[in-house]
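Here are a few quick notes to read alongside the model. Have the structure open while you go through them.

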Amino acid sequence: MKRYWIAVLLVLLAVGAVWYGIAYRLHHADQRDEIIAYYQGADEDPLKCMSSDVVTVLRCIQGWDDVRAERQHAAYELRVQQEMAEWAYAAVVVTALGIVFVALTLREARKTTEAAIKSEETMAKALAAELEPFLTLEFEEVSGLQFLNGRFVKKDGSEVKELWFRIRNSGRSPAVVKQICRRWSVISGSAPPAPVHIGPMLAGHSVADGVSFKQGSVPIGGGSESGRIRALIELLNNRPNVQDGRVYFQGFFVFEDLSTQRYASGFLLIFDDDRFHLAWPTSDHDRYNYHHRL
């Protein structure tokens, strides 16, 4: 849209310059025609000065010389006026083009400044994101782990009493985990389980609708990981068996940095091929795997 108005301005300037040039030419052409017509009607034929009276001849010739001098003077003044008008016309055109050039230069300078400001803001955000804590979850591997008849078992058929995971801080700043939410789900079909919503922090440990909320204080340094944390598979074992279901482990962490700024990181993992890996739903994935400030 801005380019459109700039083009319109340039076209208007060009039309104005052409109109001014045509008007200027017509005006001075009319002046020139008037002067020529006026002096053509003057008695400037030296043959008409022929007379037997010497005094009359001399006066006639003198008058003719005066007319010719006056005409030359008028032509000179006309030429000077035309040259002055041409310089004024050129000055108007150059000034108009200069104004347009300055306007375009200022516009580009503003765009460059805005781009530089946005670049600095992006760099500042990237640096802040790199420095702030970033938590992820990693399960401890169990060789030959399987899910059969609604329970986790080893390859030899022995039941697994518990699974463990650690919280890794991939950021540079330390973090203090204030709340851990865990939920197991067994879903038949390809649709993921419903997301777990972040609610008010409850003291201690509470379980509601198969969701575990544990409040505490777990410090994790930058680039370090926490100790072993129970995955609470008893939440899964107490549910009805689903033979052909997909096993999901989901939840979130609420944690603080050194400035007590709070964050939330959500996760959704699926059990497949004797291990857990990140699940990425085709829709609403930002409601499962996320990281943002609170």
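**Notes on the model**

1. Strand 9 (residues 246-256) contributes the most to the lining of the largest cavity, giving 3 residues. Strands here are DSSP E runs of at least two residues, helices are H or I runs of at least four, and both are numbered from the N terminus. Keep in mind that this is a predicted model, where local features need pLDDT of at least 70, side-chain atom pairs count only at pLDDT 80 or more, and totals for chains, interfaces and linings use all residues. Residues are numbered from 1 along each chain as its sequence is written, and side-chain values use heavy atoms, without hydrogens and water.

2. That largest cavity has a volume of about 40 Å³, and P195, V196, Q250, G251, F252, F267, R287, Y288 and Y290 line it. Searching the whole structure turns up 2 cavities of 30 Å³ or more. A cavity is a set of points on a 1 Å grid where a 1.4 Å probe fits but cannot get out, and lining residues have an atom within 4 Å of a point.

3. There's also an open sheet of 3 strands, antiparallel, in the order 1-4-8. Its edges are strand 1 (135-139) and strand 8 (229-230), each pairing on one side only. Strand 4 (residues 164-169) pairs with strand 8 over 2 bridges (pairing takes at least two DSSP bridges), and W164 has R230 as its bridge partner in strand 8.

4. Have a look at V102 in helix 2 (residues 54-131). V102 counts as partly exposed because its relative accessibility is 45%, between the limits for buried (under 20%) and exposed (over 50%), with a 1.4 Å probe and protein chains only.

Methods. 1 Å grid on protein atoms, 1.4 Å probe; cavity = no way out; pocket = protein on both sides within 12 Å on 5 of 7 lines; lining within 4 Å. Points joined across faces, edges and corners; volume = space filled by probe spheres on them.
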